[in-house]
Amino acid sequence: MSKDPAQPIKTANQRGAARLAAVQALYQMDIGGTGVLEVVAEYEEHRLGQELDGDTYLKADPSWFRAIVAGVVRDQLKIDPVIGAALLDGWPLSRIDSTLRAILRAGTFEILDRKDVPVAVIVTEYVEIAQAFFEGEEPKIVNAVLDRIAKQVRSEKK
């Protein structure tokens, strides 16, 4: 069954694409020392919904993308200790792969800041992003860490 290209992209899909782009932008900032304004402008102008080097980027919700990237940068001093406390055996966040660190920071930001989004949606989206980058234990780590954080900071009924 093929999808009709005339169908509008669902908002949820655009949020998922925004999450993926935010993780990529956070990774780029972490590795290259790029500033938040520069990286957001680059993504909005050249990547979100665009083709770059033969890769077509999904249409993403630009305000959701901006909110995640800017929120992680703004709240990083609050986010990193929360992640650090949720990691097992006192494993320092600085020793974690940069991509995994970006995923955990973005997911933690949403859990802390976006009370309007159910935890299950946030955790599932970031586990799927981890699965796109990793074939090993990393998606399970994302699931476990974000779940631990959510249980500490949110009191949602299941």
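Start with Arg19 and Glu110: they form a salt bridge, with the closest N and O atoms 2.7 Å apart. By salt bridge I mean a side-chain nitrogen of Lys or Arg within 4 Å of a carboxyl oxygen of Asp or Glu. Arg19 lies in helix 1, residues 11-32, and Glu110 in helix 4, residues 98-113, so this pair ties together parts that are 91 residues apart in sequence. Helices here are DSSP runs of H or I with at least four residues, strands are runs of E with at least two, and both are numbered from the N terminus.

Before going on, the conditions. This is a predicted model, in which local features need pLDDT of at least 70 and side-chain atom pairs count only at pLDDT 80 or more, while totals for chains, interfaces and linings use all residues. Residues are numbered from 1 along each chain as its sequence is written, and side-chain values use heavy atoms, with hydrogens and water left out.

The cut-offs are under 20% relative accessible area for buried, over 50% for exposed, and partly exposed in between, with a 1.4 Å probe and protein chains only.

The next pair is Asp30 and Arg101, again a salt bridge, with the closest N and O atoms 2.7 Å apart. Asp30 sits in helix 1 and Arg101 in helix 4, so parts 71 residues apart in sequence are tied together. Arg101 counts as buried at 9% relative accessibility, whereas Asp30 is partly exposed at 33%.

Third, Arg74 and Asp113 meet through their side chains in a salt bridge of 4.0 Å, N to O. Arg74 is exposed at 57% relative accessibility; Asp113 is partly exposed at 37%.

How many salt bridges does a search of the whole structure find? Nine. Some share partners: Arg19, Glu110 and Glu125 are joined into one network that way.

Now the chain as a whole. Its secondary structure comes to six helices and two strands, in the order α-α-β-β-α-α-α-α along the sequence. There are 158 residues, and 44% of them count as buried. Taking contacts, meaning heavy atoms within 4.5 Å, between residues at least 6 apart in sequence, 68% join residues at least 24 apart.
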